[in-house]
Amino acid sequence: MHMADALLSPPVATVMYAASAAATGISVHKLKKDENTQKLPTMAVAAALVFAGQMINYTIPGTGSSGHLSGGMLLSALLGPQAGFLSMVVILAIQSLFFADGGLMALGANCWNMAFYGCFVGYYLIWQPIMRGRLFPKMEAKAAARTKIIMASVIGCIVTLQTGAFSVVVETSLSGITELPFGAFCALMQPIHLAIGLVEGLITTAILIFVFEARPELLQEVNAKTGGHKGKLTLKKTLVALAVLVVMVGGALSLFASSNPDGLEWALFGNTEAGYNENMALDEEDYGIESGLSEKAASVQEKTAFLPDYSFADSESAAGTAVSGIVGSAIVAVAAAGISVLGRFFRKKKQA
Amino acid sequence: MDRIDHAASELREMDDLAALSSPIHSIHPLAKLIVTISYIILTVSFSKYDLSGLIVMLLYPVIIFSISGIPIKTCFYKLRIVLPLVCAVGLFNPFFDKAPLMSIGSIAVSGGVISMITLMLKGMFCLMASFILVATTTMDAICAALRKIRMPGMIVTLLLLTYRYISVMIDEVSVMATAYKLRAPGQKGVHYSAWGSFLGQLLLRSMDRAEEMYSSMQLRGFSGEFQYADVSPAKPKDYLYTVFAVGIFFLFRMINIATLFGGIALGGSL
C-alpha cells in the first residue's frame, strides 16, 4: 500500500504532510510530557522487529499464497498509539529511503494511510473500547481477554486497512494521476485489502495472543480491570468521535477537491505554449533574432542542423511541436548517455 | 525467505556506497536534502502530457550518478518495488483517455499512452533522486541535517536507533527463518501453528534487549537525546550547489528545453 511519489501531485502531498506532521507533533508532545525516555529504545527495537517481521512469509492454510504482517495494530497494542505511530513513521521513512518502498514526497501520505489509521484509529476506536468494554461477562477473565484480543486485532486490521486503501484512492484521484473512474478504482482496491486485512489481522492476533500468554503486562489496556473502568469510551462516545473524524476528513477533502489540482498546476506553471511565453516573458518574434550575432548564429545553425530539410511549413502546429519534442528528447537522451560514458572514462583514468 | 537476506545485503550496500568519497559525497547533507526534495516536487509537478518537458529532468540523476560513481545498476534493481504500483495505476490510462494528442508519422498517439509513460518516468526519476541522496549521504549525516531543520530530537534519535537495530533484527530473523526452513523442508512459509510463536519469541527477547539497551545508554550518560557528530558547517560551495541545482530545475520546469533543442536541430524555425 506504499504510494510512490509519482502517484501524488505536490498540493495533495503537501496536505498529507501537514496532516501527518500534526499527528507526529502531537505524539512527540504527549510522549515528552510523560517524560518517558525509557520508551525510546523499546520503540526502536519494536520498530526494527516489525520491519524485519514484515519480510516473513506466513502460509495461509488452504491456499497456495502467503500473507505478511502489518505493523500498525501490533505496534500500538504493544507501545500505545503515540509511540506506535512514531515507530511506524520511522519504519516508513527508512523504507522509503533505503528500500524504495514509497517515496520522500509521498511519505506524508503513507504515514497517514498506514500509521495514522493503524495506530490512532485502530487504538482509540477499536483496541481500547474493546479491551475496556465488558463484552464477555460470562467468560472466565483470561478467556474473555483472549477473545477480546482476537476480536480487536482482526477488526482493527480490517478497518484500518480499508480506511488506508480508501485514502490511497482518494489521494490518487485528487492528484489527477489516473484516468480510472473513482468508483472503479475503489472497486479494485477495497476488496483486495479486505482479504489482506483479514490475513494480517489473524497474524497480528497470533503474535499478540502469544505475547499475552507469556507476558501479558507488555500489552496495552489488557491489565486494565474490566468492568472497573466502566468503559471510559462508551459506544456513544465512540460513535461521536467517529462522526467528528468523518466530518473533519470529509471537510478537508472537499475543500481540496474543489481547488482542482490540475487547474492549480496550470495556473502556477502554465502548461500551454502561450503560458510558457507569458511566464517567461518570451515572444517568438524577438527570440534573440535581433542582434547581428544571433543572425550569424542562426545561419551557422541552419548549416549545422542535422535535419535541415526536415522542417514544417507551419511550425506552430501541434505536429511541429511534437516532432521537435521528440527530437529534443532524443538529444537529451544522447547527452545523458554521453555524460555517463564520460564519467566512467574519467573515473577509470583516475583509478589507473 | 530470501527477502530477508536481500534486505540485509541491500542495507549493507547502501552503507558502503554512502561511505565512498566523491565531490557529491562531500556536499553538506542539508544541501543535498533540499536539492533532492525540490527535484522530486518539480518533477512530479509536470503536467501528465508534458513528456518532452519531463525528459530533461533525466539529466540531473545522470550527471550525479556520473560524478559520484555510484552504480546505476543498484538503483534500477530497486525499481522492481516502485514500478508495479505505479504501472497498476497508469496502465488504465490508455483505455480511458483515447483522444489523440500527437502523431508520429501516421500513427496517432493517444493522451493516455503519453500520460502512462510520463507517470512511469516520474516514478523512476523520483526513485533515482532519493537513491542518490541515501547513496551519497550516511544516515548519521541525514539525521544531523534533519536536526538542523528543527526536526524533533525524539524522532531523529528514534530514526537512528531503529536504523541501527534493523540490521540486528534482520540478522536474527534471517537465522530463525533458516532454522525454520531446515526443519520444515518444502514449506512455503511459516505454518499457521507457528504464526504467533515465530515472531512472538523474538519479540519477547527483543523487549528484554531494549531494557538492557536503555540501561547501557543511561550508564553512558544518555539524557533523552544523542549528541551528534557535528557536520562541518556549510561552505560556500554547498550554497552554490543548492542555488545552482534548484535554479536549473526551475528553468527546466519553466522552459521546455527538449522542444527548444529539437526546434533548433530541425533548422532553427522555432
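Predicted model: local features only at pLDDT ≥ 70, side-chain atom pairs only at ≥ 80, totals over all residues.
1. Make-up of chain B. Twelve helices and two strands form chain B. In sequence order the elements run α-α-α-α-α-α-β-β-α-α-α-α-α-α, with the two strands placed between runs of helices.

2. Overall dimensions. The radius of gyration of chain B is 24 Å, whereas the globule rule gives 18 Å for 270 residues; the chain is therefore more spread out than a compact globule. The C-alpha trace of chain B spans about 75 × 55 × 30 Å along its principal axes. Buried residues make up 43% of the 270 in chain B. If contacts in chain B between residues at least 6 apart in sequence are considered, 78% of them join residues at least 24 apart.

3. Domains of chain B. Contact between them involves four residues of domain 1 of chain B and five residues of domain 2 of chain B. On the domain 1 side, three of the residues are nonpolar and one is polar, with no charged residues.

4. Interface between the chains. Chain A brings 96 residues into contact with 102 residues of chain B. The element giving the most to the chain A side is helix H12 (residues 318-351) of chain A, with 19 residues. By class, the chain A side has 62 nonpolar, 25 polar and nine charged residues.

5. Helix H1 of chain B. This helix takes in residues 2-18, 17 residues in number, and reaches 24 Å from its first C-alpha to its last, close to the 24 Å expected at 1.5 Å a residue. Ile4(B), Ala7(B), Met14(B) and Leu17(B) are buried in H1(B). These four lie on the same side of H1(B), because they cover an arc of only 155 degrees around the axis. An α-helix has 3.6 residues a turn, so residues three or four places apart point the same way. On the face of H1(B) turned away from the buried side are the exposed residues Asp2(B), Ser9(B), Arg12(B) and Asp16(B).

6. Packing partners of H1(B). The buried residues of H1(B) pack against elements of both chains. In chain A the partners are helix H2 (39-53) and helix H4 (81-98). In chain B they are helix H7 (111-136) and helix H9 (153-183).

7. Positive phi at Ala100(A). Ala100(A) is not a glycine, yet has a positive phi of about 60 degrees. Its place is the loop between H4 and helix H5 (107-132) of chain A. Ala100(A) counts as buried, because 26 other C-beta atoms lie within 10 Å and the cut-off is 20 or more.

8. Positive phi at Arg150(B). Phi of Arg150(B) is near 65 degrees, again a positive value in a residue other than glycine. The loop that holds Arg150(B) lies between helix H8 (139-148) and H9 of chain B. Is Arg150(B) buried or exposed? Arg150(B) is exposed, because 7 other C-beta atoms lie within 10 Å and 12 or fewer is the limit for that class.

Methods: Residues numbered from 1 in each chain as written. Chains lettered and ligands numbered in written order. Contact = placed C-beta atoms within 7 Å. Nonpolar A, V, L, I, M, F, W, Y, C, P; charged D, E, K, R; others polar. Rg over C-alpha atoms; globule rule 2.2 N^0.38 Å. Expected span 1.5 Å × (residues − 1). Arc of directions from axis to C-beta.
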